[in-house]
Amino acid sequence: PPPGCSTGPRSPIWLPARPTSPHERARFDPPPPPAPVPPAPQAQVPPAPAPAPGAGGSWQTPPPAGQAQPAFQAPSQFQPVAAEAGPAPGIMYADLTTRIIAFIIDAVRTPRGIGKPGKGALAGMHPQHIAATVLKALQERNGFNTADVDDVIWGTSAQKGGQGGDLGRMAALDAGFDIRVSGVTLDRFCGSGLTATNLAAAQIMSGMEDLLIAGGTEMMSLITALGQQEMAAGLRSVGGIGSGNARLQLRHPQSHQGLCADAIASMEGFDRATLDAFALESQRRAAVAIREGRFDRSIVSVIDDDGKVVLATDEHPRPQTTAEELAALKPSFAQIADMAPGGDGVTFRQLINRRYPDLKIEHFHHAGNSSGVVDGAAALLLASADYARKHGLEPRARVIATANMGDDPTLMLNGPVP
């Protein structure tokens, strides 16, 4: 994954079912009944109707004196609906009268291609083509009118070259979506795609939008190739994830991602055998999941302009991996540790030791127990309960709440840790 996981989305949490702040309560609570209008000396003045509430509901004309005030009529999107009213038995389409539900309707992804120039099947594809693949799949599988899509929120960490610009908007156009469908692309490092999903859910839960697509693309083969071209042209790196900000580097030293993993393992007592065993079990579980078809529902094939299937299954897992093979691999970041990324001669190791001077960094990570270098894209279709019910969409899950939190930028990788 791209470097810089010092911030990241967290596990869902429960929030109060009813708004608690005064300005939130004002959106849902009925206004107080109007004060009685005293009769004029010569003529009876009929009572004036109460103002309409801000949440889209309605008040009836105030009753005659002595009768009870009629109840506030909440707008339809806040009314509870019986489970059997929708296409998904057992799933409520509305929760409490003051909460709008964000449903996840569908989830798709491309197969994961090896993310190295000249090796992976997707390495020669344009990133917009990869993203358009999953956008098309969502429309074809669910049959929605693309003009209904309120926004495409896309996550891409390394936004440069063919992966630069507003990839979400460009991919929607490339997928043949209605030109009125907007798109935006964001960067929260490794949490970019998840953050795109969180923001899409928030738009629905706020009541402002009804149908969104959230997802992301990362073509690591492209980023590697661009880096090689820049080096060949004599261009230096701009200074890591801090973009060459010397003042920030003094305040928060930021090192190399792989070396940060070694530092965390050294600090927390994970040894090479433990990491290798975890990696081996991960490969075993992936092989079982593939063999049992657990990914079949979500994976969509990548097809080129000639109609040829470029990739239909994941290239990355190595189910044949053995413990002996892992043990024979050399650590990947021992040499990098003593390289100086900037012109001041300070090495990656020294950057970490500025913050943790007593930490002795051991080197445990290698190609067999590190996260994969891959190419691919994924997307979710999210909808409000009202839109899902009206269009017969069957929810697969609902979003309860989201949260974000930063962590130590020198260690970089602990942001997503619960």
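Asp 106, Arg 141 and Arg 396 are joined in a network of salt bridges, a salt bridge being a side-chain nitrogen of Lys or Arg within 4 Å of a carboxyl oxygen of Asp or Glu. The model is predicted, and for that reason local features need pLDDT of at least 70 and side-chain atom pairs count only at pLDDT 80 or more, whereas totals for chains, interfaces and linings use all residues. Residues are numbered from 1 along each chain as its sequence is written, and side-chain values use heavy atoms, with hydrogens and water left out.

**Salt bridges**

A search of the whole structure returns 14 salt bridges. Three of the pairs are set out here.

| Pair | Closest N and O atoms |
|---|---|
| Arg 285 and Glu 281 | 2.9 Å |
| Arg 349 and Asp 338 | 3.0 Å |
| Asp 408 and Arg 355 | 3.2 Å |

Arg 285 and Glu 281 both belong to helix α8 (residues 272–291), where they stand 4 residues apart, about one turn of the helix; helices (H or I, at least four residues) and strands (E, at least two) are DSSP runs, numbered from the N terminus. Arg 285 counts as exposed, at 55% relative accessibility, while Glu 281 is partly exposed, with a relative accessible area of 28%; here buried means under 20% relative accessible area, exposed over 50%, and partly exposed in between (1.4 Å probe, protein chains only).

The salt bridge of Arg 349 with Asp 338 has one partner in helix α10 (residues 348–355), Arg 349, and the other, Asp 338, in the loop between α9 (323–328) and α10, so the pair ties together parts that are 11 residues apart in sequence.

Asp 408 pairs with Arg 355, and this links distant parts of the chain, since Asp 408 lies in the segment after β11 (404–406) and Arg 355 in helix α10, 53 residues apart. Asp 408 is buried, with a relative accessible area of 13%, whereas Arg 355 is partly exposed, at 29%.

**Packing of α2 and α3**

The axes of helix α2 (residues 127–142) and helix α3 (residues 167–174) come within 8 Å and cross at roughly 65°; axes are lines fitted to C-alpha atoms, for helices over the stretch in contact, and angles run from 0 to 180 degrees between N-to-C directions. The crossing of α2 past α3 is right-handed, that is, the near helix is turned clockwise from the far one by less than a right angle.

Among the α2 residues that meet α3 are Pro 127, His 129, Leu 135 and Lys 136, and the α3 residues they face include Leu 167, Met 170 and Asp 174, contact meaning heavy atoms within 4.5 Å. The residues of this contact divide into 8 nonpolar, 2 polar and 2 charged, where Ala, Val, Leu, Ile, Met, Phe, Trp, Tyr, Cys and Pro count as nonpolar, Asp, Glu, Lys and Arg as charged, and the others, Gly among them, as polar.
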